[in-house]
Amino acid sequence: MKTFTSEEKDRLCEILFFNYFNNKPAEVLGDTKFWNFVNAICQSYSVDSMLVSKAMRILMAKENNPDEFETWYLFWKMDTSVRNMRGFTGIYWQKQKRYEQDYSSGKKPAVRRRISDVAMKRSMYEFVKAIYDIFGSYKYLNLDNLNELFSL
């Protein structure tokens, strides 16, 4: 893994946090049960749910959404494979290759944290770690295989 600046670490966490919520369908985000689930995670992991909610609103604003070059750059610095990067970010290998060429030719993305409140950043970091703790062990399983296995 390459060295990250504190700004890059914060922005990577923001992108991971953003993607968790952004990948949810609108009907899920509008469902009270989903927010009860988020609140339960926060309570279980001693995370301030109000700060998580505020951070989510800030990052979901159009001007704070991560762009693909910035996202590619941070995942590339983390030594994420092409396949895993595509799976998590949706950036296909052709675009990844183009971003790599752009970066090699001297172009750098503008990486700038959007959340500066220390308590909110801490809550966001803790929420991302909690989500990984909860769902991390299942990331290698194929959902189609599980559906087939558990179908009645």
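## Largest nonpolar core

Phe17, Phe21, Val38, Val52 and Phe127 touch the most other members of the largest nonpolar core, which has 22 residues. A nonpolar core is here a set of buried Ala, Val, Leu, Ile, Met, Phe, Trp, Tyr and Cys residues joined through side-chain atoms within 4.5 Å. H1, H3, H4 and H8 are the elements that give two or more residues to this core, and H8 gives the most, with six residues. Helices (H or I, at least four residues) are DSSP runs, numbered from the N terminus.

Another core lies apart from this one; it has twelve residues, among them Ile15, Tyr73, Ile91 and Tyr99. In soluble globular proteins, nonpolar side chains tend to be buried together.

## Basis of the model

This is a predicted model, in which local features need pLDDT of at least 70, side-chain atom pairs count only at pLDDT 80 or more, and totals for chains, interfaces and linings use all residues. Residues are numbered from 1 along each chain as its sequence is written, and side-chain values use heavy atoms, with hydrogens and water left out.

## Phe21 and the aromatic residues

Not counting residues up to four places away in sequence, Phe21 touches Leu29, Phe34, Trp35, Val38, Val52, Met56, Met60 and Phe127; contact means heavy atoms within 4.5 Å. Phe21 counts as buried because its relative accessibility is 0%. Buried means under 20% relative accessible area, exposed over 50%, and partly exposed in between (1.4 Å probe, protein chains only).

There are 20 aromatic pairs. Rings of Phe, Tyr and Trp (its six-membered ring) pair if their centres lie within 6.5 Å; planes under 30 degrees apart count as stacked, over 60 as edge-to-face and the rest as tilted. Phe21 and Phe34 form an edge-to-face pair, 6.2 Å centre to centre with 85° between the planes. This pair links distant parts of the chain, with Phe21 in helix H1 and Phe34 in helix H3, 13 residues apart. Phe34 has 8% relative accessibility and so counts as buried. Phe21 and Trp35 form a stacked pair, 5.7 Å centre to centre with 10° between the planes. Trp35 is also in helix H3, 14 residues apart from Phe21, and is partly exposed, with a relative accessible area of 26%. One aromatic cluster is formed by Phe17, Tyr20, Phe21, Phe34, Trp35, Phe37, Phe127 and Phe135.

## Helix H4

Helix H4 (residues 49-60) has twelve residues and reaches 16 Å from its first C-alpha to its last, close to the 16 Å expected at 1.5 Å a residue. The expected span is 1.5 Å times one less than the number of residues. Asp48 caps the N-terminal end of H4, with a side-chain oxygen 2.9 Å from the backbone nitrogen of Met50.

Leu51, Val52, Ser53, Ala55, Met56 and Leu59 are the buried residues of H4. Their cover includes helix H1 (6-22), helix H3 (32-44) and helix H8 (118-135).

## Lysines over rings

Lys2 lies over the face of Trp76, at 4.4 Å from the ring centre, and Lys77 over the face of Phe4, at 5.3 Å. A charge sits over a ring if NZ of Lys or CZ of Arg is within 6 Å of the ring centre and within 35 degrees of the ring normal.

## Positive phi in loops

Ser46, in the loop between H3 and H4, has a positive phi of about 55° although it is not a glycine. At 69% relative accessibility, Ser46 counts as exposed.

Asp79 is not a glycine either, and has a positive phi of about 60°. Asp79 is found in the loop between helix H5 (68-77) and helix H6 (82-89), and counts as partly exposed at 44% relative accessibility.

Definitions and conventions
A polar contact is a pair of N or O atoms within 3.5 Å; within protein, one must be able to donate a hydrogen and the other to accept it, and residues adjacent in sequence count only if both atoms are side-chain atoms.
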